[in-house]
Structure formats: C-alpha cells, structure tokens
Amino acid sequence: SQTLSYMIQFISPPHQPAPPPDTNLPPQVCDLDFGLCFLFVGGLFSRGAFSEVVLAQEKQTGRRFAVKCVSKRALKGKESSVENEIAVLRRIQHDNIVALEDIYETVDHLYLVMQLVSGGELFDRIVEKGFYTEKDASSLIRQVLDAVNYLHRMGIVHRDLKPENLLYFNSQDESKIMISDFGLSKMEVSGDVMSTACGTPGYVAPEVLAQKPYSRAVDCWSIGVIAYILLCGYPPFYDENDSKLFQQILRTRLLFPAKDFIRSLMEKDPIRRFSCEQALTHPCLTSADVAPSTGADLSRPQQSSPAETKRRSRRRRRRSRRRRRRSRRRRRRSRRRRRSSRRRTHHSDEEKVPLTTQDPGPFCWLRPLTVS
C-alpha cells in the first residue's frame, strides 16, 4: 500500500505506549493507527532482499532517523537473521558504529529505527577520488580498526566488512566513518565454531573459501583488502569469474606486491595474521599522530634493519645471476637454431638423386623399397 510508506510509529521511553492494534481491521489500517510520532519524509536509501531503508522524521522534535522497514511476509523462514542483527545492535555502542535507537513491530512490518548517517558510502568516495593519500587512508583505517576491535572485545564478528558497509557520518571530507549492516554478524560463544561460508566475493578470507572453521581474524583480512583498495584504487584480487577469483584468494597472489602493514593483515595463515590490537600499534598508524602532515606509508616497511638489508642484497644478487643464466641459455638456443636452419638449407639445395641409382651401402635393408 502507498499509504504504508508515509507513516510509522516510534516508541521511545518519553512517549506513552500505543494501544494494541485491532486485529479485526485490515493490515494497512492497523499500520495507519500507529503513525503517531514519525513520518516518512525522504526517499529510499537502499533496498535489500526483504527490507528497505528510508528517511523518517520525529514529529515532536523534528529529529531525523534512518528506518529499516522489514516485511514479515518476505522474511518468512529467515527470522533468525533479523533476530541476530537486533541482538547484536542492542549490545554495542561506539562512535564509529551506526546505533540502533529503537524497534517497533506491527502486524506486517518490523521497523528498526537507526542513527542517521548522510555522508554516503566509502565505495562512492573511492570511485570519486580514485585512491586515498597515505595520511587519509591511515586515519580511516585507524577508525575502522578501533571499531572492529571494540566488536571483537564484545565477542562479535562482523563477517561482511567492505566499502559499501562503511558510511560517512556527513558529507564533509573530515567526517568520521561508521560501520553498518550487521545482517551477517555473529556473536562468539564458547565452544561454538564458525564455519558458515558467508561474506562478499573479493573481501572474504581464504579460510572461509577453504570451508575451514574460522575466527574473528576474517574481519582483519577484510580490513587489509579495504586498506589495499584505498591506497591503490583497485582490489588486490579481481576476476569476472567467481571461481577464478576464489582461486586467486586461496593462493593469496596480489595484483600489486603490498608489504608490511597490509601484508600482515592479509596473511593467509589466520594464526599469524595481525589482530586489530596489533594493527593499531603498527608504526604506520601511530606515526600519523606524531607527524600528521606527512602521513604514513601503508604499503612499504617503515625501517629496514641491517640484517634485512643484507637479505635484500643477497636476493638481488641471486636474481641477477638467474637473469644472466637465462640470457646465456637463450643465446645458446638461438645459435643452435641458426645452425640447424643452415643445414636444412644446404640439403635442400643439393640435387636429389633417385633411390635406385644411389649406392645401397651397408644398411640398405633399412631403407624403404620402391616399387616401379
């Protein structure tokens, strides 16, 4: 019904609870009876499989919220996913996470009243800018790591971190980043093992694709992919075919050889992979506070020890020796080809003598017989 998209009830502590709906009335009339405090005033923010996010305004105060309208009819059989999202959002409160203000349920719909963030998706900013400077990228990644570290301390794994789920609080360039969409999130329980294959292709960790039990380290992998995209302007793994894309992720072969910070977050072994706490103490993020004008280099190591310098020089010498060997082998092959071509040319110029006039020789029995 068109009228359903303009009215919504908002229940909060200062307001009196609304009377129970009359179930004898049609569903749309029941929904209209609860449109006392809120009014839809804007267009559609986003649309999912069984929900829509729209802009609503509180009549009494004029405050605006983003309301996620979930259709019970479309949700039938998948109620556990929304229940899990609500349970997670009720537990968390962080400056870089979109907050759940209130929940209301009607006969046909479930309304989640969320904090309004109007700056748009990080994905759109990446498309607009192309790539981020090291200073801006380090500031943004630090906010994401701080929020995800808070989630991990609360025993919550997001499992779907990507630029589309990172929203700017407002349209300013210095706006803070907000994490949204906890539809695939999971609360860790002692003795419970996560093994469900979920996430977005391109951001999912190798252990998920390998169908192995995984932990909160999958979020750290996704943050590493996001940091790679921020600096390079393109993803570390890409293919139009999902199966080939998954093979690239399982092999962990990057399009660009990222090092140090990003490599530590995108470590194939989840045990050796950086946690959020370890990543927050990395020099590429902490040095941004000391020298904010220069920023931090996320793709190269900050300092090289003497032992590392020696290892690099040995690797360079080995690569040089291998190149010289390959060059010598190529020259030898080219000389052999030239010699063989000369021999073929010499034989082709000789006068061909019929087999019957040739000297049979000692091995004439090996030659084919000609029948005249």
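On a 1 Å grid over the protein atoms alone, a cavity is a set of points where a 1.4 Å probe fits but cannot get out, whereas a pocket is an open set with protein on both sides within 12 Å along at least five of seven lines, and lining residues have an atom within 4 Å of a point. Grid points are joined across faces, edges and corners, and a volume is the space filled by probe spheres set on the points. The model is predicted, with local features needing pLDDT of at least 70 and side-chain atom pairs counting only at pLDDT 80 or more, while totals for chains, interfaces and linings use all residues. Residues are numbered from 1 along each chain as its sequence is written, and side-chain values use heavy atoms, with hydrogens and water left out.

A search of the whole structure gives two cavities of 30 Å³ or more, and the largest cavity holds about 90 Å³ of space. Its lining consists of 14 residues, with Arg159, Cys198, Tyr203, Val204 and Ser222 nearest the centre. Helix H7 (residues 217-232) contributes the most to this lining, namely three residues, where helices (H or I, at least four residues) and strands (E, at least two) are DSSP runs numbered from the N terminus.

The largest pocket, by contrast, is open, and its volume is about 1100 Å³. Among the 38 residues that line the largest pocket, Ser46, Val53, Lys68, Ser180 and Asp181 lie nearest its centre. Two or more lining residues come from each of strand E2 (38-47), strand E3 (51-58), strand E4 (64-71), helix H3 (79-91) and strand E6 (109-114), and H3 gives the most, with six.

Within helix H3 sits Glu85, which counts as buried because its relative accessibility is 6%, buried being under 20% relative accessible area with a 1.4 Å probe and protein chains only. Leaving aside residues up to four places away in sequence, Glu85 touches Lys68, Phe182 and Gly183, a contact meaning heavy atoms within 4.5 Å.

Strand E6 is largely enclosed by the rest of the structure, because six of its six residues are buried. In a regular strand the side chains alternate between the two faces of the sheet. In E6, His109, Tyr111 and Val113 point one way and Leu110, Leu112 and Met114 the other. Strands pair if DSSP finds at least two bridges between them; E4 and E6 run antiparallel and are joined by six bridges, with Cys69 the bridge partner of Tyr111. Strand E5 (residues 100-105) also pairs with E6 in the antiparallel sense, over five bridges, and E5 and E6 form a hairpin with three residues between them.

Definitions and conventions. Buried means under 20% relative accessible area, exposed over 50%, partly exposed in between (1.4 Å probe, protein chains only).
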